[in-house]
Amino acid sequence: AVTDPGLEEMVIWSMEEFMSIAVDTGTDMLFLLENFCGHGFHYDDPASRCYRGPEAEIWFDLTCIHPNPTGHAAIADMVMAVVRE
């Protein structure tokens, strides 16, 4: 688990910057970090930060950086939800 508050602040800052760009350009933005939280290597640990319950699935490949087929399907579902909106 990442416990460095400086890293967390940098991630939050970068997400806010991306959101600002999306607002300025009138484009849509997916919150992948928010949606993928709880689907990493510790998805089944009730003590983890984003535990989603016993039904949660892992959405990452062995690198825990790139989505596995389930994660790719989740991204596709998120994109399609925005398109349908």
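**View 1. With a relative accessibility of 67%, R49 counts as exposed, and its side chain meets that of E8 in a salt bridge.** Exposed here means over 50% relative accessible area, buried means under 20%, and partly exposed is in between, with a 1.4 Å probe and protein chains only. This is a predicted model, in which local features need pLDDT of at least 70 and side-chain atom pairs count only at pLDDT 80 or more, while totals for chains, interfaces and linings use all residues. Residues are numbered from 1 along each chain as its sequence is written, and side-chain values use heavy atoms, with hydrogens and water left out. The N to O distance between R49 and E8 is 2.9 Å, where a salt bridge is a side-chain nitrogen of Lys or Arg within 4 Å of a carboxyl oxygen of Asp or Glu. R49 lies in the loop between α2 and α3 whereas E8 belongs to helix α1, so the pair ties together parts that are 41 residues apart in sequence. E8 counts as partly exposed, because its relative accessibility is 37%. A search of the whole structure finds 1 salt bridge.

**View 2. The protein chain has 3 helices and 0 strands, and its elements run α-α-α from the N terminus on.** Helices (H or I, at least four residues) and strands (E, at least two) are DSSP runs, numbered from the N terminus. The C-alpha trace spans about 40 × 35 × 20 Å along its principal axes. Of the 85 residues in the protein chain, 18% are buried. The chain exposes about 6500 Å², of which carbon and sulfur atoms supply 62%; accessible areas come from the Shrake-Rupley method with a 1.4 Å probe, and for residues only the protein chains shown count as cover. Among contacts (heavy atoms within 4.5 Å) between residues at least 6 apart in sequence, 22% join residues at least 24 apart.

**View 3. C37 and C50 form a disulfide, with their sulfur atoms 1.6 Å apart.** A disulfide is a covalent bond between the sulfur atoms of two cysteines, and for this search the term stands for a pair of cysteine sulfur atoms within 2.5 Å. The link of C37 and C50 is right-handed, with 70 degrees about the S-S bond. Both C37 and C50 are in the loop between α2 and α3, and the pair links distant parts of the chain, 13 residues apart. C37 counts as partly exposed, since its relative accessibility is 27%. C64 is likewise partly exposed, with a relative accessible area of 29%, but its sulfur is 11 Å from the closest cysteine sulfur, in C37, and is therefore too far for a bond. A search of the whole structure finds 1 disulfide.

**View 4. N68, in the loop between α2 (32-36) and α3 (69-84), has a side chain that reaches the backbone nitrogen of G71 at 2.8 Å.** A polar atom of the N68 side chain also lies 3.4 Å from the backbone oxygen of F60. For reference, a polar contact is a pair of N or O atoms within 3.5 Å; within protein, one must be able to donate a hydrogen and the other to accept it, and residues adjacent in sequence count only if both atoms are side-chain atoms. N68 counts as buried, because its relative accessibility is 13%. Apart from neighbours within four places in sequence, N68 is in contact with I58, W59, F60 and D61. N68 and G6 are 62 residues apart in sequence, and their C-alpha atoms are 29 Å apart in space.

**View 5. G71 is found in helix α3 and counts as buried at 0% relative accessibility.** Not counting residues up to four places away in sequence, G71 touches F36 and W59.

**View 6. M19, V23 and F31 form a nonpolar patch on the surface, with about 240 Å² of accessible area together.** Patches are made of residues with over 30% relative accessible area and no salt bridge, with like charges joined within 9 Å and nonpolar side chains (Val, Leu, Ile, Met, Phe, Trp, Tyr) within 5 Å. V23 is found in helix α1, which comprises residues 5-25. V23 counts as exposed, because its relative accessibility is 57%.
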